[in-house]
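Below is a short briefing on one protein model.

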Amino acid sequence: MHIFLYGPPGTGKTTIGKLLARRLKLPFLDLDRVIETNAGMSISQIMETQGETAFRDLETAVLMETVGHALSVTERGRLQTRPTESIIALGGGALLREENRAFVESKGKVIFLAAKIDTLMERLGKDSNQRPLLAGDLESKLSALLEKRREHYNSFPLKIHVDGKTTEQNAHQAQIALGRHHLSAMGEYDVLVGQISNLSRCPASIIITDENVAKFHLEKVQNLFNAESVILPAGEEHKNLETVSRLWKAFLENGLDRKSTVIALGGGVIGDLTGFAASAYMRGVDWIAIPTTLLAMVDASLGGKTGFDLPEGKNLIGAFHPPRLVLADPQLLSTLPEREFRSGMAEVVKHGVIADPELFALCKHGMEWVKANLEEVIKRAIAVKIGIIEDDPYEKGIRAALNLGHTVGHAVELVSGFRLRHGEAVAIGMAAEAGYAVRVGLVAHGLVEAVEESLTALGLPIRIPEEMSKDEIIRAMRVDKKKNAKSIRFALPVEIGRVELVDVSMDDLESVIASGAFSATKQSPTQ
């Protein structure tokens, strides 16, 4: 589907559109420039010689022809993960005609760029382009134009307010609103938030899922990809080499070769296992991630890290092998058990603490609000992780910030025998690590209260269950994959929206655990 940028003159449709096109690896079209090329004269000349009605007729004709032609182009050869699309900047009145608007909205999404009149005045005053409808007294003409189109402009639901932001910031906000990203730091692939039904039927070799997901979603995915399936038992306890070997055997039995594509339909366990199996089979085959849990959508499916567990710890064997496409469909979460959904929200809170104070504030509204605004929450959480992994794809620096809550959380999860869900353990880890940040003077106690308040509002645990052995937790932390010989690197919050990487000596691990005080009474995994 095309992406259309629309709004009053001076909102930066062309500038933002060009940057957005570069980020998404899509072609860019400026409809006004196409009109001028076709007419052989400028828009101001068309208006002067033929009048506004004639210009609007020409605008409609060019819009229909340009968009229709672009949609007819198809890619041949290997699996196409996205249709041929364009970023299209529209003139400030291009959608005044109902036929234009209906046509555009049937062919893609419209992002409306909004700005205060002071912003528009400042920009238009520096603009050398002649704008016939604003000729003369700019302020009075602009005010009259905005008032005339006020109801029309207000009718577009997908809005970006451009005031006081750079082009880069506005393009980023557009990507969040769209749920569209193209990653390139570790191989080229797309991340899309949208309905799986929007995918065209395309070839794939095999679908990997688990017994829980298969009951609800396998048939619809098989219809899209026309592929055989392998149904694995559900649960972290099956994330091992034996299951990986079973996948390799299934790949062979189904005749997969180096041109094949594997689909991972499920949560983080399915994604990790499928991605690793794909990374090693015939030295690497393509795979697509269709996450069916909130945790996988906002975290596990992104970044290209794949692997499986050993008895001594989580993800100790793995590889970097990103999928060709990640498609996050919020509708797939409708069948997710409440506890699994709540577990995924721990990663959403974590992303807010790391880099998005607005996302963190949204989480404090509680679970009912989150579910009513789920797509927005998912889009913001995904954008945080993508920003970090693109800057540091192989975890050599800032990507370690994503480990917030995980150093303690992985150990607690392991010691619980996986009775605690991953997100529940991460929530406990965030509270403990925030407490340690206070203890060593990195932050005031108010941050701990804010983190605990947000987690509690979502029904997540914040204390280590009393029955867990402190010594076992410390032993598990010592063998965790994030250690070196003398210390473990923690990502500690210093304010909402920023963390610091701090090396903690092995001798101080007990102090970290003590910062996440054990519950006074036994705490069940569902509390």
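Helix H9 (residues 167-178) lies across E1, E4 and E5 and runs at about 155° to E5. Contact here means heavy atoms within 4.5 Å; axes are lines fitted to C-alpha atoms, for helices over the stretch in contact, and angles run from 0 to 180 degrees between N-to-C directions. Helices (H or I, at least four residues) and strands (E, at least two) are DSSP runs, numbered from the N terminus. This is a predicted model, in which local features need pLDDT of at least 70 and side-chain atom pairs count only at pLDDT 80 or more, while totals for chains, interfaces and linings use all residues. Residues are numbered from 1 along each chain as its sequence is written, and side-chain values use heavy atoms, with hydrogens and water left out.

**Sheet and its helices**

- Helix H5 (residues 98-107) lies across E1 and strand E4 (108-114), at about 115° to E4.
- The 5 strands form an open sheet in the order E2-E3-E1-E4-E5, with parallel pairing; two strands pair if DSSP finds at least two bridges between them.
- Strand E2 (28-30) and strand E5 (159-161) are the edge strands, each pairing on one side only.
- From one strand to the next, the twist averages 20°.
- Strand E1 (residues 2-6) and strand E3 (residues 87-89) run parallel and are joined by 3 bridges.
- Opposite Leu5 stands Ala89 in E3.

**Nonpolar cores**

- A nonpolar core is a set of buried Ala, Val, Leu, Ile, Met, Phe, Trp, Tyr and Cys residues joined through side-chain atoms within 4.5 Å.
- Buried means under 20% relative accessible area, exposed over 50%, and partly exposed in between (1.4 Å probe, protein chains only).
- The largest nonpolar core has 115 residues, of which Phe225 and Met345 touch the most other members.
- Helix H19 (residues 422-439) gives the most to this core, with 10 residues.
- A second, separate core has 28 residues, including Met47, Val110, Leu134 and Phe156.

- Asn315 is not a glycine, yet has a positive phi of about 55°.
- Asn315 belongs to strand E13 (residues 313-320) and is partly exposed, with a relative accessible area of 22%.
- Phe418, also a residue other than glycine, has a positive phi near 65°.
- The loop between helix H18 (406-415) and H19 holds Phe418, which is partly exposed at a relative accessible area of 23%.
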